[in-house]
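Notebook open: today I'm looking at how two chains meet. My notes follow the structure.

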Amino acid sequence: MRNRRAVILGIGGGLGALAFTLGLGWWRSSGAVSSSADLLPVPISEMDFDLISHGGERVRPADWIGRPTMVFFGFTWCPDVCPTTLSDISGWLDDLGPDADRLNVSLITVDPERDSPEVLADYLSHFDPRIVGLTGTLSEIGRAASGFRARFEKVPREDDYTMDHTAGVFLFRADGRFASIIDYHEDRRFAVPKIRRAMQ
Amino acid sequence: MKTQIISTLILMAASPAIACESTTFGDLSIANPWSRATIGAGRPAVFYVAITNDGASDDALVAISTPAAGRPMLHETTVTDGVASMPHAMSIPLPAGQTVQLAPGGYHGMLMGLTAALKEGETFPVTLTFEVAGDVTVNAEVLSLRVEGPDCETDGQ
């Protein structure tokens, strides 16, 4: 498994490969043999979730159609991966300039227990204002994650807990088709070109 | 060691250069100690640093302590099949002649049970415990939540 992942990542930049890597865990945990198409995030038009934004607005998949979309799963109690990725995303939006205004950009929390719309609003005020935080019931977050083939899991810790979660940044075209994933440990120089391709 | 004497968090106005400073401790060189600002004291904070072992024998970072947090620990972010998790690291190896980074996305100090929110521009002491070299205390600078590291000319990034 590790070797296969290393080889796949070694190829570098292969969009399908990255999606495959991400989807592999899903495929293993489900125990079913899937065709490669089942490993990719489904098109946004086929997703089904009902979430609430940090501004208090209801957000459903149809609201994203018509603009390219960038989505990251995370949580505000996350000290390392999430601030790093949100800093990255903020930097990419800066690099894209005014074009970035054409994107839907969302952080979907995997920790709705702590991340209320108000908590998300406070946290996201430290990053690019175009990033919209989404939360909701655990079952709606789960429905959203399954459409992305993303995974998350609560990990207990002494008197506390943390969350394991899919760390890649998902990109979709304006019509809702899946475009690519910016993998967490991928060279960040590839990110903006990938976003631009999804926006074409 | 000495930090135990300091009962309260020492806060002082810091120039951005503090996170770019380097401390030499025997064969070890400890550079760029920094952290990210936190929203309140309820969330865990991080501690990042670069450690170079210029000696002829291996050492290891086995613990950190700080008056800024009740439960400081060493962690490592790992990404397996696209899923990020943060297992506890019992010890971070410091092979002879190499530099090991505690940096975003890899090894890091996890500061749980903060005594107060970490505010940008403050500094706080962190005592590093090495298996061979013993204890040394450095000052970590709190940077913005939205940075990926100190902007140093010589940090090798």
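I started with contacts (heavy atoms within 4.5 Å). I find 38 residues of chain A touching 29 residues of chain B. The model is predicted: local features need pLDDT of at least 70, side-chain atom pairs count only at pLDDT 80 or more, and totals for chains, interfaces and linings use all residues. Residues are numbered from 1 along each chain as its sequence is written, chains are lettered from A and ligands numbered from 1 in the order written, and side-chain values use heavy atoms, with hydrogens and water left out.

Next I looked up buried area, the accessible area (1.4 Å probe) that two parts lose on being put together, summed over both. Chains A and B bury about 2,800 Å² between them, and 51% of that is on carbon and sulfur atoms. On the chain A side, P79(A), D80(A) and R157(A) lose the most area to chain B, together 22% of what that side buries.

Then salt bridges (a side-chain nitrogen of Lys or Arg within 4 Å of a carboxyl oxygen of Asp or Glu). I get one between the chains: R146(B) with D94(A), closest N and O atoms 3.0 Å apart.

Which element gives the largest share of the side of chain A that touches chain B? I note α3(A), with eight residues; helices (H or I, at least four residues) and strands (E, at least two) are DSSP runs, numbered from the N terminus.

Last, strand pairing, which takes at least two DSSP bridges between two strands. I see β7(A) and β7 of chain B (residues 83-85) pair antiparallel over two bridges, and H165(A) stands opposite A84(B).
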